[in-house]
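Welcome, and thanks for opening the viewer. Shall we take a walk through this model together, one selection at a time?

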Amino acid sequence: MESPKTTETLASPGLDPMLPRPFVLKSIEQENVDTWTLELEAVDADGDLAFEPGQFNMVYRLGVGEVPISISSDPTRPERLLHTIRSVGAVTGGLCAMKPGEILGLRGPFGNAWPVSLAHDSDLVFVAGGIGLAPLRPAIYQVLSERRRYGRVVILYGARSAGDMIFAEELETWRGRFDLDVQVTVDHATGDWFGHVGVVTTLIPRAGFDPTHTVAMVCGPEVMMRFTVRSLVDRGVASEGIYLSMERNMKCAVGFCGHCQFGPSFICKDGPVFSLPRVERWLDTREV
Amino acid sequence: MSITALDSLLKEHPFFAELGDEYLELIGGCASNVKFAAGEQVFREGQDAKGFYLIRYGRVAVELFAPGTGSITIQTLHEGDILGWSWLLPPFRWHHDAKALDLTRAIHFDGTCLRKKCEEDPRFGYLIMSRFSQVIVSRLQGAQLQLLDLYGKTDHGKPEND
Ligand SMILES: Cc1cc2nc3c(=O)[nH]c(=O)nc-3n(C[C@H](O)[C@H](O)[C@H](O)COP(=O)(O)OP(=O)(O)OC[C@H]3O[C@@H](n4cnc5c(N)ncnc54)[C@H](O)[C@@H]3O)c2cc1C
């Protein structure tokens, strides 16, 4: 299916899900060397912006192309829409180079949500690697907005180095809360880092949660998720209680084109969030 | 620390689990308490590896020194972790630097004393060797994952330009 190519295709809300809706870039903030957070505002101010944690939008850089990007903002404040984007190619690079006031197109929100309510009365552990903290952040906000419904809440975050972290200030704020256990680790460090060093899986064996009553939500590159789920299972967390966000590339986002087929599932319409038993055998598959 | 306190500490630690009273006594006979101030060097690469440490509290950074770059921390160890395996294998020299990040208390186990006991009692030697193999394997796995660059490069499949 062809991506929309011209500004004339930008649509009004509620119309064809294949037509992007115009948004203006309100502000853009650099997170690290290759990642930026974009704050967007709908041009048609009265359109609905509600979304669920884990959902994504198809973000269209006019004249360049369209890519799926998770929403990284607070679902309880949907009027403030944020996308955190790592510049890896033509479209993401084009989006990260935008200036406030410029227009882009959005289709969405698409996809299913992190099952935060399934974790009521259980411990909840979020494990994020690199840019993977962005799709998890809305779920963290959601949980913090109803903190009393959960047992222990643990956030384990791994980045290549201190400079590669995203949301560093917010992690520091969360770390100061008594009702959250936030642990950050980097792969290697020089003298200016005083925290944990080692890959994120090394935090799992000693993290403070009861594995028999835990729901885990994991997001990061597939290789990181593969090793993370192994450590969680080794710790005693049931496969059924482990959820992953699969971010293989997609095109139409509505289940037509087959670009994002992952085994028997389409990431765009069945995911991106899957329980481990649904994707387990595909995680170890080299080509899907 | 009294003999009984050391004894119960070793008994409760998973690393020494199922060694049995007799062997725990042997190990206890090679142990002594040590303390490092924050920033103090525990050992340096190339020095004689005189034994291993069980960290009781505090944190230790395992570092590699690279000329021009300085010290790079490749692992941090915490309460309950085992530090050091070079004492067990020739040439009995440390492969890394180790530095206390906070005030750290540990139990030091004398390598010469333990190696002697391993040689005298091959079953004891096997039990020690298999436990340290796990330490070495887990360090190797950590290094392999760091090499894989878990968070940086994405391998999610190629977008097609059709
Ligand atoms: C559901 C979903 C949610 C996503 N959320 C985010 C997000 O919040 N933030 C973010 O920065 N990115 C996110 N991505 C990934 C993002 O869509 C891709 O990085 C983007 O499509 C790359 O397009 P490009 O034109 O910039 O690069 P291209 O020129 O298309 O590709 C550049 C390089 O990136 C690789 N690549 C392309 N797509 C992906 C992908 N999906 N995953 C990994 N590598 C890829 C290519 O193999 C190539 O090496 C998400 C993807 C999915 C499917």
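Begin with the two domains of chain A: between domain 1 and domain 2 the count of salt bridges is zero. Keep in mind on the way that this is a predicted model.

**Stop 1: the two domains of chain A.** Select residues 10-109 of chain A for domain 1, then 116-245 for domain 2. Their centres, taken over C-alpha atoms, are 25 Å apart. Where the two touch, domain 1 of chain A supplies 19 residues and domain 2 of chain A supplies 15 residues. About 1200 Å² is buried between these domains, and carbon and sulfur atoms give 60% of that area. Three residue pairs are in polar contact across this interface. On the domain 1 side, colour β1 (21-32), β2 (35-42) and β5 (81-86) of chain A, the elements that each give two or more residues to it. Which of them gives the most? That is β5(A), with four residues.

**Stop 2: chain A as a whole.** Switch to a cartoon view of chain A, which has six helices and 15 strands. Of its 288 residues, 58% are buried.

**Stop 3: charged pairs.** Over all chains, the structure holds 19 salt bridges. Show the side chains of A:R175 and A:E172, whose closest N and O atoms are 3.8 Å apart in a salt bridge. These two are three residues apart in helix α3 (residues 168-175) of chain A, so about one helical turn separates them. A:R175 is partly exposed, at 42% relative accessibility.

Next, pick A:R177 and A:D179, a salt bridge with its closest N and O atoms 2.8 Å apart. Both ends are partly exposed: A:R177 has a relative accessible area of 32%, and A:D179 has 28%.

Then go to A:E79 and A:R77, whose side chains meet in a salt bridge at 3.8 Å, N to O. Are these residues exposed or partly exposed? A:E79 is exposed, at 51%, while A:R77 is partly exposed, at 42%.

**Stop 4: the nonpolar cores.** Move to chain B and select B:F16, B:I27, B:F52, B:L83, B:F109 and B:F132, the residues with the most contacts inside the largest nonpolar core, which has 39 residues. Helix α4 (residues 122-148) of chain B gives the most to this core, with five residues. Zoom in on B:L83: among the residues it touches are B:V42, B:F43, B:F52 and B:A98. Apart from this core lies another, of 36 residues, including A:W114, A:F126, A:L133 and A:V186.

Technical notes
Residues are numbered from 1 along each chain as its sequence is written. Chains are lettered from A and ligands numbered from 1 in the order in which they are written. This is a predicted model: local features need pLDDT of at least 70, side-chain atom pairs count only at pLDDT 80 or more; totals for chains, interfaces and linings use all residues. Side-chain values use heavy atoms; hydrogens and water are left out. A nonpolar core is a set of buried Ala, Val, Leu, Ile, Met, Phe, Trp, Tyr and Cys residues joined through side-chain atoms within 4.5 Å. Buried means under 20% relative accessible area, exposed over 50%, partly exposed in between (1.4 Å probe, protein chains only). Contact means heavy atoms within 4.5 Å. Domain bounds come from an automatic or database domain assignment. Buried area is the accessible area (1.4 Å probe) that two parts lose on being put together, summed over both. A salt bridge is a side-chain nitrogen of Lys or Arg within 4 Å of a carboxyl oxygen of Asp or Glu. A polar contact is a pair of N or O atoms within 3.5 Å; within protein, one must be able to donate a hydrogen and the other to accept it, and residues adjacent in sequence count only if both atoms are side-chain atoms. Lists of a residue's contacts leave out its neighbours within four places in sequence.
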